[in-house]
Amino acid sequence: MGSRALALLLGLSLAGSLAACGTKGESTAEAGSTETTQTPSAADPVTKQSYYFDTVCQITVYDMDDMTQENAEMAIQAAFEKCAYYEKLLSKTKEGSDIWNVNHAEGAPTECDPETISIIEKGISYGDLTDGKFDITIGTCEDLWDFHSDDPKVPDADALAEAVKHVDYKNIEVDGNTVTMKDPDCEIDLGGIAKGYIADRTAEVLRDQGVTSAIISLGGNIECVGAKPQDAGGTRPFTIGIETPYSDMTKIVGTVQITNGTAVTSGVYERYFTVDGKEYHHILDPKTGYPVDTDTLGVTIIGAEGTSADCDALSTSCLILGSEKGKELIESLDGYEAAFILRDDSIVETSGMNLTEMKS
């Protein structure tokens with residue numbers, strides 16, 4: 001359930017921020033590579049990109065202890081090395097990862113890294129919280145869909161019906177650092193929660209490197225370290241823009257202000273294809289194997305420092321639940337706010353969201 005950049009980072013001006021987030025003229029990093037995109041002087045922010053988790057990842061350092069271009073680049077490189085580590089640990093498709101090993105163990109107990117166990121247990125907890133609407137064993141259904149194909153097709157109905165039989169997070173048994181699948185055909189996919197966890201850990205790496213102000217963008221997962229420095233001294237919150245659905249990151253519906261916090265967006269418009277006039281997107285219903293059909297096009301969850309994994313799971317959960325039940329869920333939790341973009345272009349917010357909507 002991963003997604004590419006769904007939240008747009010805003011600088012001092014809206015036009016400048018959109019230009020920095022994928023519009024014409026921006027260079028694109030090759031898979032696994034990094035490149036400096038803005039390093040004119042030591043006083044300026046330093047931005048680098050790399051490709052992990054099937055998306056372009058970007059980190060910008062605005063300030064740190066002994067801020068120099070070299071020090072900022074070293075901090076970013078350390079953060080990207082952490083991303084690479086987690087991709088090898090948690091990817092469903094990388095042979096030898098913990099998740100690959102669990103999924104190919106044919107029901108045998110599999111020893112995993114303690115961090116893998118932690119994420120799996122968090123995924124199970126969100127399965128309980130959402131009565132199975134969020135299910136990290138959706139992998140068997142996802143295997144049947146290809147949203148990257150040049151000639152996408154809707155999976156065979158019988159194949160999906162069979163795959164759904166093996167979607168149930170309660171098939172996961174965790175005992176210490178060992179994971180056992182009670183159903184050998186059940187597949188774990190952490191795409192709906194792992195990037196948030198990685199964003200939190202990446203922010204920790206930057207802080208350990210002396211970074212006091214930065215933005216991390218892992219697709220739809222935005223993590224803000226500190227606040228944004230001002231030329232005249234002092235700081236102000238980072239301004240994060242929320243993408244207008246189907247605008248290909250060229251428009252935003254509104255902005256939120258974040259200091260030491262996270263914003264995670266999930267949207268049905270992120271990966272989809274159309275067959276015979278019907279749209280099929282990548283957020284699947286664990287009960288049917290087909291894309292969920294609710295009143296909601298996109299959900300953005302706001303949380304405090306260190307909660308990006310929770311916001312990741314919550315954004316996917318709320319998209320599946322729809323605006324009414326999703327809002328009820330967020331309002332029942334402490335420390336989170338949400339904005340729901342509906343199919344009729346209206347926006348529903350939780351009581352403390354404070355979204356600044358853009359004027360048409």
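Begin by selecting Asn 260, which is partly exposed, with a relative accessible area of 30%; here buried means under 20% relative accessible area, exposed means over 50%, and partly exposed is what lies in between, with a 1.4 Å probe and protein chains only. Asn 260 sits in the loop between β13 (252–258) and β14 (261–267), where helices (H or I, at least four residues) and strands (E, at least two) are DSSP runs numbered from the N terminus. Although Asn 260 is not a glycine, its phi is positive, at about 45 degrees.

Before moving on, note that this is a predicted model, in which local features need pLDDT of at least 70 and side-chain atom pairs count only at pLDDT 80 or more, while totals for chains, interfaces and linings use all residues. Residues are numbered from 1 along each chain as its sequence is written, and side-chain values use heavy atoms, with hydrogens and water left out.

**The whole chain**

Show the protein chain as a cartoon, and you will have nine helices and 20 strands on screen. Of the 360 residues in the protein chain, buried residues make up 55%. Among the contacts with a separation of 6 or more, 62% come from residues 24 or more positions apart, a contact being heavy atoms within 4.5 Å.

Next select residues 110–111, 172–175 and 178–181, which are β5 and β6 and strand β7. These three strands form an open sheet in the order β5-β7-β6, with antiparallel pairing; two strands pair if DSSP finds at least two bridges between them. β5 and β6 are the edge strands, each pairing on one side only. Between β6 and β7 there are four bridges, and if you pick out Glu 173, its bridge partner in β7 is Thr 180.

Stay with β5 and select Thr 110, which lies in that strand and is buried, with a relative accessible area of 10%. Its side chain reaches the backbone oxygen of Ala 108 at 3.3 Å, a polar contact being a pair of N or O atoms within 3.5 Å, where within protein one must be able to donate a hydrogen and the other to accept it, and residues adjacent in sequence count only if both atoms are side-chain atoms. Leaving out residues up to four places away in sequence, Thr 110 touches Asn 101, Val 102, Ala 105, Asn 177, Thr 178 and Val 179.

**Helix α4**

Now select residues 114–129, helix α4. The 16 residues of α4 reach 23 Å from the first C-alpha to the last, close to the 22 Å expected at 1.5 Å a residue, the expected span being 1.5 Å times one less than the number of residues. At the start of the helix, a side-chain oxygen of Asp 113 comes to within 2.8 Å of the backbone nitrogen of Glu 115. The buried residues of α4 include Ile 117, Ile 120 and Ile 124, and the buried residues of this helix pack against α2 (69–90), α3 (98–103), β6, β7, α7 (194–208) and α8 (308–321).

Which residues does Ile 120 contact, leaving aside its neighbours within four places in sequence? They are Ile 99, Ile 136, Ile 172, Val 174, Val 179, Ile 188 and Leu 190.

**Beyond the end of α4**

Apart from residues up to four places away in sequence, Phe 134 touches Gly 123, Tyr 126, Gly 127, Gly 192, Ile 193, Ala 313, Thr 316 and Ser 317. Phe 134 and Leu 319 are 185 residues apart in sequence, and their C-alpha atoms are 9.9 Å apart in space.

**Helix α8 and the cores**

Select α8, in which 14 of 14 residues are buried, and then Gly 322, which follows the helix and has a positive phi near 90 degrees.

Finally, select Ile 120, Ile 188, Leu 190 and Ile 301, which have the most contacts inside the largest nonpolar core, a group of 70 residues; a nonpolar core is a set of buried Ala, Val, Leu, Ile, Met, Phe, Trp, Tyr and Cys residues joined through side-chain atoms within 4.5 Å. α2 gives the most to this core, with ten residues. Apart from it lies another core of 16 residues, among them Ile 222, Val 253, Val 256 and Met 353.
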